[in-house]
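Here is a short tour for anyone who likes to look at a fold before setting up a calculation. Please keep the viewer open as you read.

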Amino acid sequence: MTAPPVVPVHDNHFHCKPDGWKGLGAVREFMAAGGTSITHVRLPTYPTTVERFEQDCRDHLTFSERIRRETGCRVWSAVGPYPLEPMKVAESAGWDAAMTFARGCYNVAAKLCGEGLAACIGEVGRAHFAVPADVQARHNELLVYGMALAKDTGIPIMLHTEHAEPATMAEFAAMADKAGLRRERVIKHYCGPLVADGEHHGLLPSIICGRSNLRPALEKSPEGRFVLETDYIDEPTRPNVVMPCDTVPKRVKGMLANGEMTERQAFAIGKEWPERLYGN
């Protein structure tokens, strides 16, 4: 096996916190394996006020800056209300209060992006498990609200939802159209290899970096129209869930070396699409 070329490697969904299982060490492991950039996504903290949510976001962004300063990794930060956070507020205060809370959190996320402190509203969306139709309708209403803010702010939005199929992607594409947001500015987190035109409906798949996903994605998309992620969580009670922090660079290097990935695909996935999403 020949040595793979040196290419940029981006993990599009990476959670890391100062009191996590590895903290900064997770980013250092990612870089030691060949990683060059991450989208650093806020973990849910279940605040009950917009003010607390904003402080939690600012704490996340402070750690993003520390990652940049102490590791040299390129970091784009994502902030937004995790969909289960408004649901938690609804349990104690009802859905009217939860909707007001969620819109306020979306507004904070858009403001932080507008100030250049974050680059993406995310991860936001709806529950990844079955919920009553009225709850799903509220989530969808909030999603369109968030997409409209993303459009006005000039930034992408990253979706946490149930497992996506082409029909689900079409549903989110219609929401983006309603909000006036370009479809390619909608990132489907934890996505399968939905990279063909009739599968992604213009959205940008962020593909969980297992071989069973990556191999068909590479075969169906010679141009590399997707990004990769681990959804690494940095949780001491659940080590290496969902995937280890160094998975993306190891997978990219291995597939480059054995010819399953082209250098052209690697640059698109690891540099061109992240910069197109988040800025240079």
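The notes below cover the sheet, one glutamate and a pair of helices.

## The sheet

Please bear in mind that this is a predicted model. Its open sheet is built from eight strands, and their order is β1-β2-β3-β4-β5-β6-β7-β8. The pairing is parallel. At the edges you will find β1 (10-14) and β8 (227-229). Each has a single partner strand, so one side of each is left without a neighbour in the sheet. From one strand to the next, the twist averages 25 degrees.

## A glutamate in helix α2

Helix α2 spans residues 50-71 and includes E54. Is E54 buried or exposed? Its relative accessibility is 19%, and the limit for buried is under 20%, so E54 counts as buried.

The side chain of E54 makes a polar contact of 2.8 Å with the side chain of K111. Beyond its neighbours within four places in sequence, E54 touches V108 and K111.

## Helices α3 and α4

Helix α3 (residues 84-93) and helix α4 (residues 95-114) have axes that come within 7 Å and cross at roughly 145 degrees. The crossing of α3 past α4 is right-handed.

Which residues meet here? From α3 come E85, P86, M87, V89, A90 and A93, and from α4 come W95, A97, A98, F101 and A102. By class, this contact has 10 nonpolar residues, one charged residue and no polar ones.

How values were computed. Residues numbered from 1 in each chain as written. Predicted model: local features only at pLDDT ≥ 70, side-chain atom pairs only at ≥ 80, totals over all residues. Heavy atoms only, no water. Pairing = 2+ DSSP bridges. Helix = DSSP H or I, 4+ residues; strand = E, 2+ residues; numbered from the N terminus. Axes fitted to C-alpha atoms, helices over the stretch in contact; angles between N-to-C directions. Buried < 20%, exposed > 50% of the residue type's maximum accessible area, 1.4 Å probe, protein only. Polar contact = N/O pair within 3.5 Å; in protein donor to acceptor, adjacent residues only side chain to side chain. Contact = heavy atoms within 4.5 Å. Left-handed = near helix turned anticlockwise from the far one by under 90°. Nonpolar A, V, L, I, M, F, W, Y, C, P; charged D, E, K, R; others polar.
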